[in-house]
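Dear colleague,

Please find below the structure that I am handing over to you. My notes on it follow directly after.

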Amino acid sequence: MKRYHRYFKKCEEFSICSEIGDANVVALEEAKDRYSLYHIVVKGSGRVAKTFDSDYLVGDINGVYFSDVKKFLGFDTVFESFEPVQVYGFNTLDLEQDWDGRLVDGSFEGDDKSWLICFKGNPTINGKELRDMDYAKLENKHYDVHLNDAIVGVFTKL
Amino acid sequence: MKVIIKILDYLSERDAVVFRTCRLNSHKPIDEYPEKVVDCFDLNKNDTEDFIQSLVHKISAHLIEEQDENEGILEENTPIKPTGELDFEKIVGKVFQVRHTTRRINHLKMRRIEL
């Protein structure tokens, strides 16, 4: 039997979901449950599409592992893993509330409308070592980042 | 969700049925719900059970959801969204709205830090 587990955490202004599964797993998500704005692949690869749509989006830890998936809001979707996979979703709590997301690639200036999430690895930010799934509300100040090959995202309320 | 459906008429010239539907546990009689017409050309006419089942699949569940939405919310049932740190003193007496899902979802461990 193939393994496929879903995880969820509601944070202060957003929520994070995660799906961990074996290769060749197919999973459906109903439109009413779809609040994901970004997908972050931290292991393996897979693809997602609106149900019955051939226009799919591939996520791959060795390629595109951070994707804007806003075009799937309001649609039933299907996900298929190509190999053992772990994917996070950054979700809005309210479909009227849009967010801008990006991966951190070095030091940056923060703002108080943003949250930082460490999806994988142990970056050092302002002298503090983070671990997987640490998150922080940012302030209007400089953030000194030593990425150490970690996957870190910053998400800003629009 | 348990569904009931009442067939009011069969329109043979159109191959359609007139019906009413609602939740089994509705506190309103089924006759107080609006009449609807549905074409039967794509329904399963093998026997009564298959027909009713296919009718429910085609239209009833969606219709009941719509009816529920249109019925409005009692003032005392008006919910708020659950947000912020858990403080039992602050949540007692309040009505919260949640998105119900039948999927099994595990808790994702995350740690809030200050940077």
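In strand S5(B), Arg112(B) is the bridge partner of Tyr135(A). Two bridges join S15(A) to S5 (residues 111-112) of chain B, and these strands run parallel; two strands pair if DSSP finds at least two bridges between them. Strands (E, at least two residues) are DSSP runs, numbered from the N terminus.

This is a predicted model, in which local features need pLDDT of at least 70 and side-chain atom pairs count only at pLDDT 80 or more, while totals for chains, interfaces and linings use all residues. Residues are numbered from 1 along each chain as its sequence is written, and chains are lettered from A in the order in which they are written.

Between the chains, 18 residues of chain A are in contact with 13 residues of chain B (C-beta atoms, placed from the backbone, within 7 Å). On the chain A side, S1 (4-10), S2 and S15 each give two or more residues, and S1(A) has the largest share, five residues.

The largest nonpolar core has 25 residues, and Ile40(A), Phe90(A), Trp115(A) and Phe119(A) have the most contacts inside it. Such a core is a set of buried Ala, Val, Leu, Ile, Met, Phe, Trp, Tyr and Cys residues joined through C-beta atoms within 7 Å, where buried requires 20 or more other C-beta atoms within 10 Å of the residue's own. S12(A) provides the largest share of this core, five residues. Among the residues that Phe90(A) touches are Phe14(A), Tyr38(A) and Phe155(A).

Yours sincerely

Note on methods. A residue is buried if 20 or more other C-beta atoms lie within 10 Å of its own, exposed if 12 or fewer, and partly exposed in between; C-beta atoms are placed from the backbone. Helices (H or I, at least four residues) and strands (E, at least two) are DSSP runs, numbered from the N terminus. Two residues are in contact if their C-beta atoms, placed from the backbone, lie within 7 Å. Lists of a residue's contacts leave out its neighbours within four places in sequence.
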